[in-house]
Amino acid sequence: MRFIARAALAVAYLSAATVAVIIKPKVLIITFFNAEGEVYLAKSNTTGALDFRAQQHRVPYASPEFPYLHCTANGDACLMTTGEAEIQATASTMALLADPQLDLRETYWVLTGIGGGAPDQVTLGAITLARFTVQVGMSYEMDARELPPDFASGYVPQGTDSPEAAWGSIYDSEVFEVNAALRDAVTAMIDPAKVVDSAVAAAYRANYADVPQFGAGAAPPAIHYCDSVTSDTWFTGALLAETHARRVDLWTNGTGVYCTTAQEDGAVLGALVRGALENRVDFARVAIVRTVSDFDRPYPGQSVMDNLINGTAGYPIAIENVWVAGNSIARGIISGWDETFKAGIPAQNYVGDVWGVLGGTPDFGPGRASSGNPVVLPGAKSQRQASGKRTTRRSRFQK
């Protein structure tokens with residue numbers, strides 16, 4: 001019986017390995033909770049919209065709440081909702097990578113979701129495109145009532161003894177950097193005139209108009225280059241916002257600019273790095289889009305709790321602008337596929353994780369794994385190997 005069971009299991013694995021690819025999307029839009037995904041489906045009848053209702057594919061091991069990949073009739077564009085927060089986002093992304101019926105090697109991943117915004121950088125409804133995402137949750141945390149007298153914050157980088165310290169313990173999920181040239185290319189596809197605003201949002205952001213520092217927050221929504229932070233903890237208040245802005249600045253060597261909060265960006269990118277190591281995806285084909293639904297700190301005279309609970313005037317336009325950005329980018333990539341995007345947009349900046357496992361030299365942190373060479377996993381052929389060039393596998397502890 002044990003032999004029969006093992007034989008059946010082997011057949012099952014063989015069958016899974018030999019399943020014909022049925023979907024090879026040019027663009028895969030990732031959303032994170034129901035409203036973000038539903039806006040794409042609801043807009044399917046809109047002029048110029050991609051119709052993601054044409055076909056659906058069940059992804060094994062995806063979120064029980066969002067088990068389907070929704071695709072256009074020709075499969076050029078697909079839509080997936082992962083579920084909120086880091087665990088859900090990572091698990092659903094890994095499910096996509098493991099699905100033998102998907103060929104994602106040339107796919108562009110467009111992460112589109114709402115988030116909080118820093119009023120010194122962006123406003124309600126703004127569309128932001130990031131080069132970096134920083135996992136600010138990678139911290140020691142102390143209650144503010146028990147802080148040492150010289151501590152400006154209760155968040156301390158793990159493995160250090162000061163809020164102002166740089167790097168201590170490194171887990172390789174602290175920072176991810178994506179292709180800035182791709183970011184620039186997809187930004188050009190979004191028509192600023194189509195960015196949605198509302199009277200309700202305008203009235204709310206007017207509360208920030210009397211603070212010169214918050215000129216961006218009082219302005220109408222626009223398109224911005226700035227960066228996201230990843231944390232499952234929803235925070236509010238100037239002190240925490242300033243703490244996380246300093247962390248972004250410190251961990252990107254002064255290149256990154258904090259402007260939006262998110263729960264999932266770093267989680268998805270962590271999974272995609274692993275997918276790239278197995279040549280399931282191209283990490284240089286990832287774009288991060290966040291639209292601003294609320295502010296990360298109150299306006300003058302407002303309590304932090306009121307800002308957290310009642311500061312959602314930008315939510316409807318943020319959801320709408322998720323679609324404005326994502327639909328425009330997907331259509332632009334598809335229309336320019338043969339001429340530009342099939343070959344890829346060469347990155348001029350470093351692309352990858354802290355350790356540099358995909359190759360190259362990180363422009364932040366110690367970059368202590370790859371020494372400039374891609375890591376080669378047992379049983380996996382790297383692209384450099386395929387071209388006949390030698391690669392070296394190194395321990396992550398080697399410098």
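**An exposed side chain and its setting**

Modeller: Isoleucine 309 counts as exposed because its relative accessible area is 54%, where exposed means over 50%, buried under 20% and partly exposed in between (1.4 Å probe, protein chains only). This is a predicted model, in which local features need pLDDT of at least 70 and side-chain atom pairs count only at pLDDT 80 or more, while totals for chains, interfaces and linings use all residues. Residues are numbered from 1 along each chain as its sequence is written, and side-chain values use heavy atoms, with hydrogens and water left out.

Isoleucine 309 belongs to helix H9, residues 304–310; helices are DSSP runs of H or I with at least four residues, strands are E runs of at least two, and both are numbered from the N terminus. Together with Trp234, Val304, Met305 and Leu308, Ile309 makes a nonpolar surface patch of about 530 Å². Such patches take residues with over 30% relative accessible area and no salt bridge (a Lys or Arg side-chain nitrogen within 4 Å of an Asp or Glu carboxyl oxygen), nonpolar side chains being joined within 5 Å and like charges within 9 Å. The areas come from the Shrake-Rupley method with a 1.4 Å probe.

Turning to the rings, the whole structure has eleven aromatic pairs, meaning Phe, Tyr or Trp (six-membered) rings with centres within 6.5 Å, called stacked under 30 degrees between planes, edge-to-face over 60 and tilted otherwise. Tyrosine 208 and phenylalanine 295 form a tilted pair, at 4.4 Å and 55°. Ring pairs also join Tyr208 and Phe295 with Tyr204, Phe214 and Tyr299 in a cluster.

As for sulfur links, there are two disulfides, defined as cysteine sulfur atoms within 2.5 Å. One joins cysteine 71 to cysteine 78, with sulfur atoms 2.1 Å apart. The other joins cysteine 226 to cysteine 259, at 2.0 Å, and is right-handed with 75° about the S-S bond. Cysteine 226 lies in the loop between strand E11 (223–225) and strand E12 (227–230), and cysteine 259 in strand E13 (residues 258–262), so the link ties together parts 33 residues apart in sequence. Cysteine 226 and cysteine 259 are both buried.
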